[in-house]
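Please look over the structure below. A few questions and answers about it follow.

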Amino acid sequence: MDDRQYAIETRAIHAGQVPDAETGALMTPIHANSTYEQDGPGDHRGYEYSRTGNPTRTDLEENLASLEGGAYGRAFSSGMGAINTVLNLLSAGDHVVSGNDIYGGTHRIFTQVYEAYDLEFSFVDMTDLDAIEGAMREETKLLWLETPTNPLMSVVDIEAATEVAHANDALCAIDNTFATPYLQRPLEFGADIVCHSLTKYLGGHSDVIGGALVVDDADLDDRIGFYQNAVGATPGPFDCFLVLRGTKTLPVRMDRHCENARALAGWLSEHPDVERVYYPGLANHPGHEIAARQMDDFGGMLSFELDGSLEQASAVVEGTEVFTLAESLGGVESLIEQPAPMTHAAIPREERLAAGLSDSLIRVSVGIEDETDLRDDLARAIDAALA
Ligand SMILES: *Cc1c(COP(=O)(O)O)cnc(C)c1O
């Protein structure tokens, strides 16, 4: 299907997928298969070995490319597998400028894996364009950022950051996991590589780990494809099937995630026991204007500071019934967590506080349950914790 003429809601369901020619089966089969018959030595029908390529994976890769508006998609066994592949594009001596509030696993692979291979990393506040410019060096080959960021939902101007990268002949890679292509398509703003943890909204049901890269440039895709096959962090066909099943409902799920998050953010802003709410959809959020420009809606993630202690915030996250106390995000069910003792525990307290992550900060991944049930659940947990 030449699908660029169709809206994203239509492409989410159909892109990369056609009914099986032989049987008419609507859904992409799970090609549980490692090798493929060849018609003559080296004469195969597009597939020779499933690390290199698998038909279920191909459908997913085409679907993801279509959603991001890029020409090429590549799927990986995890978000980290995808991020690793971006780093494979670099060589010893290269320098990377990265956001300072990126996903913890990304920070870990940068500093604890690739510094030993002589890559150098500078971490800067990506909302400050002068800071990005100041960090660029002759050896800078990659600008890496997320937007909105975790857990304070800072918003980075993708177009402006990309311009800085390109002025320095560096690639710009955006981790688009929080926004998803339904809300934000970085390639439209000039980014070179879009990265995803498919584990989150794209899978959408907290039942699969996966990653992806989407690009629009054939040479770049060739290089990524080389490392995808050479390193081998590729997903199995069942995982690809699950993500394909997830992307079909991405638009409807995201609409509901956004609607519920907007309602909760508004309600929390008025709550007497809440100090501050971080949600880019709120007009008083520092990144609101940029988010309104580059996103189609503001997403399902929000954080808030309880007017209380670390222990009281712990009591809130332990006290909810509909919200489950858990890390991760992006599934249909609402999750709640406390960054200080959980996702951001590895950061020393002083550093954490300086970065604006207070002890009583609570992060929620707003699911698609009934909005009133979610609000009542939080209200009860907050009242009980502060009683
Ligand atoms: C979860 C996540 C990752 C890592 O993805 P995995 O699928 O867990 O390997 C990377 N970036 C962001 C923003 C994430 O939320």
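Buried area is the accessible area (1.4 Å probe) that two parts lose on being put together, summed over both. This is a predicted model, in which local features need pLDDT of at least 70 and side-chain atom pairs count only at pLDDT 80 or more, while totals for chains, interfaces and linings use all residues. Residues are numbered from 1 along each chain as its sequence is written, and side-chain values use heavy atoms, with hydrogens and water left out.

Q: What area is buried between domain 1 and domain 2?
A: The domain assignment, with bounds from an automatic or database source, gives domain 1 (3-248) and domain 2 (250-386). In contact (heavy atoms within 4.5 Å) are 35 residues of domain 1 and 38 residues of domain 2. Carbon and sulfur atoms give 63% of the area buried between the two domains, which is about 2900 Å².

Q: Which three residues supply 27% of the area that domain 1 buries against domain 2?
A: No other three residues of domain 1 supply more of that area. They are Leu152, Leu183 and Tyr201.

Q: How far apart are the end C-alpha atoms of H10?
A: The expected span of a helix is 1.5 Å times one less than its number of residues. H10 has 21 residues and should therefore span 30 Å. The distance in the model agrees with this: 30 Å.

Q: How many disulfides are there?
A: A disulfide is a pair of cysteine sulfur atoms within 2.5 Å. The sulfur of Cys195 is 12 Å from the closest cysteine sulfur, that of Cys172, which is too far for a bond. Cys240 is in no disulfide either, as the nearest cysteine sulfur, in Cys195, is 16 Å away. The count of disulfides is zero.

Definitions and conventions: Helix = DSSP H or I, 4+ residues; strand = E, 2+ residues; numbered from the N terminus.
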